[in-house]
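I opened the model to look up the fold, the core and the chain contacts. My notes follow in the order in which I checked things.

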Amino acid sequence: MRLRQKFVPIVIFAVLLGGIGLAKLTGVWATTTNRNPARYNSGSFAGQYNPADIRGSYTFTDVARLFGIDEQVLLSAFALPADTDTSQYRTRDLEARYAYLDQEIGNESVQVFVALYKQLPVVLDDTVLPEQAVDLIRGANPDLTQEQRDWLQAHEVDVSSVSPPAETVSSTHAAGEIQINGKTTFQNLLDAGLSRQQIESVLGQAMPATNQTVKDFCLAENLPFSDVKNALMVLLSP
Amino acid sequence: MKPAKSLKKGWPIRTWVQLVFFAWIAVLAVGKGLAEAGVDIPFLPEVSLHAVCPFGGVVTLYNLATLGRYVQKIHASAVVLMALVFGLAVLLGPVFCGWVCPLGSIQEWIGKIGRKLLGKRYNRVLLPRTDRVLRYARYLVLVWVVYVTARSGSLIFSDFDPYYALFHFWTGEVAPTALVILGLTLAGSLLTERPWCKYACPYGALLGLFNKIRLFKVRRRPASCINCKLCDRACPMNISVSTDTNITDHQCISCYACTSENACPVPDTVVVETRAVKRPAESGQTGGSL
């Protein structure tokens with residue numbers, strides 16, 4: 001069988017467009033990250049989304065949809081203007097907004113807020129929350145444990161006490177500096193100068209495959225990502 | 001035997017197909033950039049180039065197999081496209097390189113200027129032996145890219161990728177190394193056809209292997225061949241079509257330039273078909289003379 005040149009485009013478009021169409025029909029086609037966090041795999045909350053896997057790339061709309069929280073509640077909790085476009089505002093954008101504070105308010109603050117607001121299991125670490133978020137958690141959950149009440153009291157921050165120097169801050173970092181986030185793999189840490197022994201001393205166990213992300217490993221092993229991240233950042237600091 | 005036809009004038013159909021894909025990728029890249037800047041264009045999907053790059057599907061396979069996750073920035077669409085392009089390659093060889101890839105297309109278009117400047121010296125700048133050895137360098141690049149991606153789980157190649165640089169050079173997101181490689185590639189296109197494809201493209205290296213097994217191969221019929229060697233001169237990848245019958249060279253990009261529909265002046269002599277052509281020694285036929 002011979003194939004003339006004029007039929008080549010037909011074959012190309014038929015295979016590519018037909019294949020893409022079929023992939024769309026079967027739900028395989030995805031050009032963005034699946035915005036569904038991991039689920040609890042044991043206990044009475046098994047099957048529910050785990051807020052600890054909220055990624056910095058999730059928008060406030062994503063968080064509201066996934067955890068059944070009103071978008072205005074999220075905006076109030078993080079002291080954002082009511083007309084903020086929640087479909088564009090990512091949880092990691094909080095870091096830039098509150099960069100003038102001594103403690104970081106960012107994606108991890110959203111994780112903890114969602115967990116406490118919805119009364120889902122959470123490891124309470126050194127994350128801080130705006131006092132508006134703390135008030136909302138207290139208002140929605142009169143049955144908070146004493147441990148949770150104490151933690152909230154110790155970790156609320158007045159975000160209006162210091163006026164921001166600017167709406168946005170530079171997110172650039174010095175050459176070679178690594179910022180640990182949900183996408184950082186163990187190989188990235190090795191490339192940044194940490195040794196396998198140093199990483200394992202933080203993890204308290206053997207390091208997994210180098211292509212795995214630190215965050216995925218922490219989730220799988222039930223380790224608080226923020227604690228691991230902070231310990232690694234201490235090792236990385238000059 | 002006399003040539004049966006003169007060469008066709010005007011843009012061949014392949015150029016139109018290349019233009020369509022180049023424009024499509026450019027529109028996606030600009031659309032994504034505008035969307036990130038807060039400018040929404042109706043009907044324009046917000047898709048990153050990584051999502052529609054079939055090579056992303058290749059480099060994420062190890063991560064997918066070992067961790068069940070894609071490499072950063074890669075999505076299911078890249079794996080789907082990888083499978084579709086492999087399907088096309090099994091049928092027609094690397095048509096992706098010759099008809100679709102925008103980086104290949106722009107090298108080809110710049111090469112037209114180089115051809116005007118250098119004349120017959122164009123696409124013949126390296127010593128044949130050096131050139132032949134360098135053609136295998138792209139397999140080293142392929143092994144390196146797959147290895148570092150598998151080890152790190154990161155798309156490290158994007159810091160060196162001239163394709164990504166071509167469509168993002170204005171964004172400030174492109175690594176200087178990628179910009180330098182893009183510059184060298186485009187400048188090199190003034191000296192030789194498709195330098196990136198020939199010597200460095202990891203995806204081209206992988207797709208080139210399909211030339212060995214593709215169903216529709218480029219075939220030369222010695223019985224009607226007049227040994228004019230126009231097919232050799234037309235081949236952008238410098239393949240010696242005139243000395244073989246069934247072209248399985250790993251560098252063929254299925255561009256049809258050598259065929260009787262383009263360069264070959266004798267009808268039905270260089271064709272793309274499934275039926276193998278017997279070698280002269282097997283069939284008792286020899287090529288004619290000019």
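I started with burial in chain B: 47% of its 290 residues count as buried. The cut-off for buried is 20 or more other C-beta atoms within 10 Å of the residue's own, for exposed 12 or fewer, with partly exposed in between and C-beta atoms placed from the backbone.

I noted that this is a predicted model, in which local features need pLDDT of at least 70, side-chain atom pairs count only at pLDDT 80 or more, and totals for chains, interfaces and linings use all residues. Residues are numbered from 1 along each chain as its sequence is written, and chains are lettered from A and ligands numbered from 1 in the order in which they are written.

Confidence came next. Chain B averages a pLDDT (the predictor's confidence in each residue, from 0 to 100) of 88, and 91% of the residues score at least 70. Over residues 283-290 of chain B pLDDT stays under 50, and the model has 18 contacts beyond four places in sequence for them. A contact here means C-beta atoms, placed from the backbone, within 7 Å. For the complex the predictor gives an ipTM of 0.89 and a pTM of 0.73.

I then checked the overall shape. The C-alpha trace of chain B spans about 65 × 40 × 40 Å along its principal axes. I found 14 helices and 3 strands in chain B, both being DSSP runs numbered from the N terminus (helices H or I, at least four residues; strands E, at least two).

Which residues touch the most other members of the largest nonpolar core? Among them are B:Leu49, B:Phe96 and B:Cys231, in a core of 79 residues. Such a core is a set of buried Ala, Val, Leu, Ile, Met, Phe, Trp, Tyr and Cys residues joined through C-beta atoms within 7 Å. Helix H4 (residues 76-92) of chain B gives the most to this core, with 11 residues.

I looked at B:Cys231 by itself: leaving out residues up to four places away in sequence, B:Cys231 touches partners including B:Val241, B:Cys258 and B:Cys264.

Last, the interface. I have 33 residues of chain B in contact with 30 residues of chain A. H4(B) gives the most to the side of chain B that touches chain A, with 8 residues.

Key:
Contact = placed C-beta atoms within 7 Å.
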